[in-house]
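Keep the coordinates open while reading.

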Amino acid sequence: MQTPKIVILGAGYGGLITSRQLEKTLKNGEAEVTLINKHDYHYISTQLHKTGAGTAPDEKITLHIPDLLKTGKVQFKRGTVQNVNFTAKKVQLESGEVIDYDYLMIGLGFDVSTFGIPGVEENAFKIKSFRSTKAIHNHMLRQFAAFKEDQDPSRLTFAVAGAGFTGIEMIGELIEAMPKLCRKYDIPVSETRIINIEAYETVLPGFDQKAIDFTAGYLRKNGVELMTSTKILECSPTSITLDNGEELPSRTLIWSGGVRGNTLLEELALPISKGRIVIDKFLRVKGMDNVFCIGDAALFLKNDGTPLPPTAQVAIQQAEVCGPNLVATLRGQQLKAFEYHHKGTVASIGNKAAVGKVFGLKISGLFAALMKQVIEARYLFVLGGPGLVIKQLFRAGKPQS
Ligand code: FAD
Ligand code: NAD
């Protein structure tokens, strides 16, 4: 009998932790496992806002994938997935290569929702991947340099769309980055503007009032212009059109207006809802026994019929069940139903403040910021044990700005 082939698409939180689970659970030679990802590095997407603002060195955000695979049971393949033929059980890569599988796990993650708002797709910057956030920082540097030449205030007007978790975390990093950038280019901070534009009437829609008040107060204290109850209608390379009639001169709109599943999923002829693949309680694509999907690419409905949110916390917990379920499938054993345990949510506002709720306890300020760092360290621990935590903690390399 041929050795069964397991193929994992995407080395984000879901794909990597599933790989680590397989390394732990599979016996030597029990299956051939291939992990496929666009790049040979994993980016820590929960910290991409730092790359955008240039407040963290690249080495802290990206990890070399082959270094994270410890046992030789999972082979890494760099490649961009183009399509999957579920009948023939073949993955098609953009390079033309075709990879056969017996069991598949789709962990292709998220894309940014731009809702068809004119000009956003072409002109706004996305917090989506390491490359897309690196582009934000490089663009900001160009704006500072150009301002020295033409003194055009639109160059130093940095707007962030959305005051959800991503938007607030991005704004927090901009607050930290701005004084350093100003020093570097010898420009007074007073020449710069950070604007947060949110359609809803408060920042952090849906969060509790205390957290909303803390966050709004912290942003205002740090000079951020908050435009709540304001919707972005259009974006050009040099301006942002708002629904209050204002035309805001700005060359930088950082779009954090929401996420959806990877747009590639729509090509896959699978049951899709809200851009995400509908999965069953065992994390399998509805109607398929050999195809699993987890993380932001997947739509998992809770007992009350509402979907789990697209978060790393969900992706990691799903991966911890998905790995063993893949092994159980190939061994013909009983699968485990996935149950989500919400541990809490913390949004950073730069390095020195954060806001959130952990194990039911509302937290804010410096303590919350420390808690956020503990959460990030825990992820590294799950991925690579204490060695990786220590390595990343003391990683050399300066922030970019
Ligand atoms: P992803 O992390 O998106 O990984 C998908 C992988 O697939 C990537 O490596 C990508 O390169 C690869 N890929 C994509 N397309 C292809 C292709 N065609 N071929 C090959 N490879 C491909 N969640 C939390 O729980 N806590 C937080 O604090 C938090 N902070 C966040 C901060 C920011 C700025 C953002 C943007 C998100 C944050 N999230 C947070 C959400 C969290 O990042 C996502 O839920 C999580 O990344 C989902 O993991 P995933 O494995 O499903 O997908
Ligand atoms: P989101 O959907 O939570 O927030 C998007 C915000 O953009 C909304 O408040 C919306 O009103 C606003 N918006 C949309 N269109 C707009 C427009 N035209 N003009 C002005 N405002 C507009 O999206 P997100 O913040 O990217 O979060 C996505 C997911 O990632 C969530 O599940 C979130 O929990 C998770 N996440 C978690 C953390 C964390 O735990 N620290 C950090 C970032 C993201």
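How exposed is P271, judged by the other C-beta atoms within 10 Å? The model is predicted. P271 has 14 other C-beta atoms within 10 Å, so the residue is partly exposed. The count falls between the two cut-offs: 20 or more for buried, 12 or fewer for exposed.

P271 sits in the loop that runs between β19 (259-261) and β20 (272-273). Leaving out residues up to four places away in sequence, P271 touches I277, V278 and K286. S250 is 21 residues from P271 in sequence, yet the two C-alpha atoms are 40 Å apart in space.

G116 belongs to the loop between β10 (110-112) and α5 (120-123). G116 counts as exposed because it has 7 C-beta neighbours inside 10 Å. Its C-alpha is 9.6 Å from that of E234, although 118 residues separate the pair in sequence.

Most residues other than glycine have a negative phi. L204 has a positive one, near 40 degrees. L204 lies in the loop between β13 and α8. It is buried, since 22 other C-beta atoms lie within 10 Å.

K274 is not a glycine either, and its phi is positive at about 50 degrees. The loop between β20 and β21 (276-278) holds K274. Is K274 buried or exposed? With 11 C-beta neighbours inside 10 Å, K274 counts as exposed.

## Helix α6

Helix α6 covers residues 130-150, which makes 21 residues. At 1.5 Å a residue it should span 30 Å, and its end C-alpha atoms are 30 Å apart, so the two agree. T133, I136, H137, M140 and Q143 of α6 are buried.

Just after α6 comes Q151, with a positive phi of about 55 degrees.

## Helix α8

Helix α8 (residues 209-221) has 13 residues. Its first and last C-alpha atoms are 18 Å apart, close to the expected 18 Å at 1.5 Å a residue. The buried residues of α8 are A211, F214, T215, Y218 and L219. Why do the buried residues line one face of α8? Seen down the axis, they fall within an arc of 125 degrees, so they line one face of the helix.

The face turned away from the buried side carries Q209, K210, G217, R220 and K221, which are exposed. The buried residues of α8 pack against two groups of elements. One is the helix α7 (165-185). The other is made of strands: β13 (193-197), β14 (225-227), β25 (354-358) and β26 (361-365).

α9 has 20 residues. From first C-alpha to last it reaches 29 Å, close to the 28 Å expected at 1.5 Å a residue. Its buried residues are V314, A315, I316, Q317, Q318, A319, V321, C322, G323, N325, L326 and V327. They pack against β1 (5-9), α1, β9 (103-106), β22 (291-293) and α10 (366-393). Just after α9, G332 has a positive phi of about 70 degrees.

At what angle do α1 and α9 pack? Helix α1 (residues 13-25) and helix α9 (residues 312-331) meet at about 35 degrees, with axes 8 Å apart. The crossing is right-handed. On the α1 side, the contact is made by Y13, G14, I17, T18, Q21, L22 and T25. On the α9 side, the contributors are A312, A315, I316, Q318, A319, E320, C322, G323, P324, L326 and V327. By type, the contact residues divide into 11 nonpolar, 6 polar and 1 charged.

Conventions:
Residues numbered from 1 in each chain as written. Chains lettered and ligands numbered in written order. Predicted model: local features only at pLDDT ≥ 70, side-chain atom pairs only at ≥ 80, totals over all residues. Axes fitted to C-alpha atoms, helices over the stretch in contact; angles between N-to-C directions. Helix = DSSP H or I, 4+ residues; strand = E, 2+ residues; numbered from the N terminus. Left-handed = near helix turned anticlockwise from the far one by under 90°. Contact = placed C-beta atoms within 7 Å. Nonpolar A, V, L, I, M, F, W, Y, C, P; charged D, E, K, R; others polar. Expected span 1.5 Å × (residues − 1). Arc of directions from axis to C-beta.
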